[in-house]
Structures are given as C-alpha cells and as structure tokens.
Amino acid sequence: MALGVREYEAQVLLQAALERRSDLRALEQQIEAAEYGVRVARSSYWPTISLRASYGSSYTDLAPLSFQDQFFDRNRRGSIGLSLSFPIFDRFTTRHNVQRARIELDNTRLQLQQLRQEIATQVRQAYLDYETARQQYRAAQAQLQAARQALEAAQERYNVGSATLVELTQARATYVRAESDLVRARYTLVFRQKLIDYYVGTLVPELDVLR
C-alpha cells in the first residue's frame with residue numbers, strides 16, 4: 001500500500017496552529033470579555049444621569065364630557081425629570097471591583113501566553129517525531145528492497161545447488177522481518193502525521209488514513 005509522505009516546515013505548522021487552535025481562540029475571547037469587565041468596573045467612577053418621564057389622565061362618568069374629551073384633552077397630566085449623581089464615597093467598592101477585574105484580565109493574559117508556549121512546544125515536538133518516523137520509513141523501504149534482492153539471489157543459488165536450504169530459509173526470514181518493519185514504520189508515520197494535524201488544529205475524522 002503506497003503512503004503519501006508529506007513535507008512539513010516547523011514554522012509554517014506553528015503559524016497554522018496559532019491561527020486555528022480553538023482553545024487559543026477561546027482564551028482570546030476570554031481576554032476580550034475581561035477587558036470589557038475592567039471598563040464596566042471603571043464606569044462606576046463616572047457620574048450617572050437619570051431621566052424620568054410620566055404621563056397620565058383620568059375619567060369619571062360624573063363629568064358631562066365624553067371619555068375621549070376627558071382622557072385625552074381635559075384631564076391630562078405628566079412630568080419629566082432629570083437627575084445627575086456624582087460618586088463621592090462608596091467605601092472603596094469601585095476600586096476593589098476594578099482591581100479584581102484587572103487581576104482577572106492579567107491572569108487570562110498569562111494563561112494565553114502559557115498556552116502559546118505549550119502549542120509551540122507541542123508542534124515542534126510533533127514535527128521532530130514526524131521527521132524521525134519519515135526517516136525510519138524510508139530506511140525500512142530500503143531494507144525491504146535489499147532483503148527482496150537477497151532472497152531472489154538466494155533462491156537462484158539454491159535452484160542451481162550453490163546455496164543450502166538453511167541459507168534460503170535465513171534469507172526468507174530476513175525478508176519477512178523487513179516487511180514487518182515496513183508495516184510498523186508505515187503506521188508510525190501515519191500516527192505522527194495525525195498528531196501534527198491534531199496539534200495544528202486541522203484534524204478531521206476520516207476513513208482514508210492510509211493512501
């Protein structure tokens with residue numbers, strides 16, 4: 001079964017991970033929420049303006065006027081008011097709320113920095129593991145080719161009587177081991193490819209793992 005061996009660049013993988021990782025996006029959104037929380041907490045330092053308005057009317061069947069005349073024309077009343085309040089002393093509640101909001105923002109930023117470092121470490125390690133698996137796969141291919149040629153040569157020598165059955169059996173055993181090593185190397189390489197996809201954030205469940 002042929003295997004599509006990919007070529008990767010560590011820096012490209014890292015950039016893709018920083019752009020696509022959902023856990024990184026979630027933390028960035030938490031930072032935006034924390035920044036908004038700081039603004040909300042600081043808003044208590046500013047004066048507040050309140051606007052009030054009311055409208056009413058009344059109706060009585062004792063009056064010689066119609067409902068429409070009483071309710072909409074004669075008995076109307078309303079009010080409007082505007083108030084301005086200044087925060088003078090709130091027992092340091094606002095200051096404490098601002099401090100808590102800033103601490104939460106700083107903690108979230110620290111988590112984001114740590115996650116970026118973890119992603120960089122994960123991606124680089126996955127890249128190195130893949131490169132090792134790729135070299136092992138190519139070495140296993142070469143070993144299988146050499147074992148196949150050795151088996152063919154041993155078979156020919158055995159056919160003409162210049163090799164013993166023991167030599168032929170040993171050549172066959174070497175070929176079988178080389179085939180087994182290639183299978184293991186193939187699946188190790190596929191696994192390392194999928195780990196790269198996972199750490200970059202592009203892993204999608206598919207059935208065509210081997211191609």
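Which residue takes a positive phi just after α5? It is G201, with a phi of about 95°. This is a predicted model.

**Helix α5 and its end**
- Helix α5 runs over residues 165-200 and has 36 residues.
- From first C-alpha to last, α5 reaches 53 Å. That is close to the 52 Å expected at 1.5 Å a residue.

**E7, before α1**
- E7 sits in the segment before α1, which spans 10-20.
- E7 counts as exposed, because its relative accessibility is 56% and the cut-off for exposed is over 50%.
- Leaving aside residues up to four places away in sequence, E7 touches R134 and R138.
- The side chains of E7 and R134 make a polar contact at 2.9 Å.
- E7 and R134 are 127 residues apart in sequence, yet their C-alpha atoms are 9.6 Å apart in space.

**Aromatic pairs**
- The whole structure holds two aromatic pairs.
- Y8 and Y130 form an edge-to-face pair, 4.9 Å centre to centre with 75° between the planes.
- Y8 lies in the segment before α1 and Y130 in helix α4 (residues 93-159), so this pair ties together parts that are 122 residues apart in sequence.
- Y8 is buried, with a relative accessible area of 15%. Y130 also counts as buried, at 0% relative accessibility.
- The ring centres of Y198 and Y199 are 5.3 Å apart and the planes stand at 65°, so that pair is edge-to-face.
- Y199 counts as partly exposed, at 22% relative accessibility.

Methods
Residues numbered from 1 in each chain as written. Predicted model: local features only at pLDDT ≥ 70, side-chain atom pairs only at ≥ 80, totals over all residues. Heavy atoms only, no water. Helix = DSSP H or I, 4+ residues; strand = E, 2+ residues; numbered from the N terminus. Expected span 1.5 Å × (residues − 1). Buried < 20%, exposed > 50% of the residue type's maximum accessible area, 1.4 Å probe, protein only. Contact = heavy atoms within 4.5 Å. Polar contact = N/O pair within 3.5 Å; in protein donor to acceptor, adjacent residues only side chain to side chain. Phe/Tyr/Trp six-rings, centres within 6.5 Å; stacked < 30°, edge-to-face > 60°.
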